[in-house]
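Here is a friendly walk through a few local features that may be worth a look in your viewer. Please load the coordinates and follow along.

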Amino acid sequence: MSSWLADYEKQGYYFPVSVLDAATVQRYRAELEAMEARYQTDTDLKKLAIGQANSLIPFVDEITRADNILNPVREILGPNILVWNSSFFIKEPHTENFISWHQDLTYWGLTDSHEVTVWVALSAATVQSGCMKFIPGTHTGSIVGHRDTFDEKNLLSRGQELAVDVNEEDAVDVVLKPGEMSLHHGQVFHGSNTNKSNDRRIGLAIRYITPDMQQTINEKTDAKLVSGVDEFHHFNLTDAPRGLLDPEDIVATRRDIAIRQKFLMAGVDQKT
Ligand SMILES: O=C(O)CCC(=O)C(=O)O
């Protein structure tokens, strides 16, 4: 086993890995910001594109299929890989948005934990800009209790946070230069603070899973096969986006979101 993989398995994460050169980062960031400007007044559509980025933005789909990103993912998950979701986490300069301590797999309605998240920095992720923080070794336990806060400053869908104490002193700051990525396990405790820097903090999270996983509800969500084969057919395999926010892709993505909401927001009605 390579030493970085041993590290990943022990800590539940690994970083930094350099994956995009400066010119490519600049190009991707410019494309993202052009899309944001174009759909500035259509906040609903912009939110859909940010949250389901590889289904609606061609350059994001391209990133999810890049071999220098997929190769380490293959070492963790094996040759057969789907992208279950990809979304941007953007914090504007000097704003109060943050991400509470959580474990990713808590609300995804998946049957197992054969998942790894790649987080690609499109701007500098520093302590000042509110980079991610991980608690080493917390992926080896199980999913612990979370409580919903619905705090509007929290970028998570239901403002969910760990219902157990986290010792901030154990936290490792995931400092990344633009074009570098981190990899983390879906059970590792993680979160991030506010952006106190003068630049936007832009990260692209890509959720890679193995095709043997399935949703716990009896409905298929969409996924894209980016490596190997899928012999299980547990997900609706969809193609790369036809274009930027293509109307047919928008319809399909909204249909997929309606299914995802059943587990992402499960139990919310009873609690509010
Ligand atoms: O972008 C962040 O600060 C947190 C992202 C996150 O929670 C994730 O990618 O799982």
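## Around Arg200

In this predicted model, Arg200 touches a set of residues beyond its sequence neighbours, up to four places away: Arg29, Glu33, Glu36, Ile90, Lys91, Glu92, Pro93, Ser123 and Asn195. Two of these contacts can be described at the level of side-chain atoms. The side chain of Arg200 makes a polar contact of 2.9 Å with that of Glu33, and another of 2.8 Å with that of Glu92.

Buried or exposed? Arg200 has a relative accessibility of 13%, and because buried means under 20%, Arg200 counts as buried.

## Ser129 in its loop

Ser129 is also a loop residue, placed between β4 (115–121) and β5 (132–134). With a relative accessibility of 2%, Ser129 counts as buried. A polar atom of the Ser129 side chain lies 2.9 Å from the backbone oxygen of Ala124.

Setting aside neighbours within four places in sequence, which residues are in contact with Ser129? They are Ala124, Thr194, Asn195, Lys196, Ser197 and Arg201.

## A four-stranded sheet

Next comes an open sheet of 4 strands, ordered β3-β10-β5-β8 and paired antiparallel. Its edge strands are β3 (99–102) and β8 (172–173), each of which pairs on one side only.

If you zoom in on β3 and β10, you will see that these antiparallel strands are joined by 2 bridges. His102 stands opposite His190 of β10.

How many aromatic pairs does the model contain? The count comes to 7. One of them is formed by Trp84 and Trp108, a tilted pair with 5.1 Å from centre to centre and 35° between the planes. Trp84 belongs to strand β2 (residues 81–91) and Trp108 to the loop between β3 and β4, so their pair ties together parts that are 24 residues apart in sequence. Both Trp84 and Trp108 are buried.

Elsewhere, ring pairs link Tyr13, Phe15 and Phe134 into a cluster.

Methods:
Residues are numbered from 1 along each chain as its sequence is written. This is a predicted model: local features need pLDDT of at least 70, side-chain atom pairs count only at pLDDT 80 or more; totals for chains, interfaces and linings use all residues. Side-chain values use heavy atoms; hydrogens and water are left out. Buried means under 20% relative accessible area, exposed over 50%, partly exposed in between (1.4 Å probe, protein chains only). A polar contact is a pair of N or O atoms within 3.5 Å; within protein, one must be able to donate a hydrogen and the other to accept it, and residues adjacent in sequence count only if both atoms are side-chain atoms. Contact means heavy atoms within 4.5 Å. Two strands pair if DSSP finds at least two bridges between them. Rings of Phe, Tyr and Trp (its six-membered ring) pair if their centres lie within 6.5 Å; planes under 30 degrees apart count as stacked, over 60 as edge-to-face and the rest as tilted.
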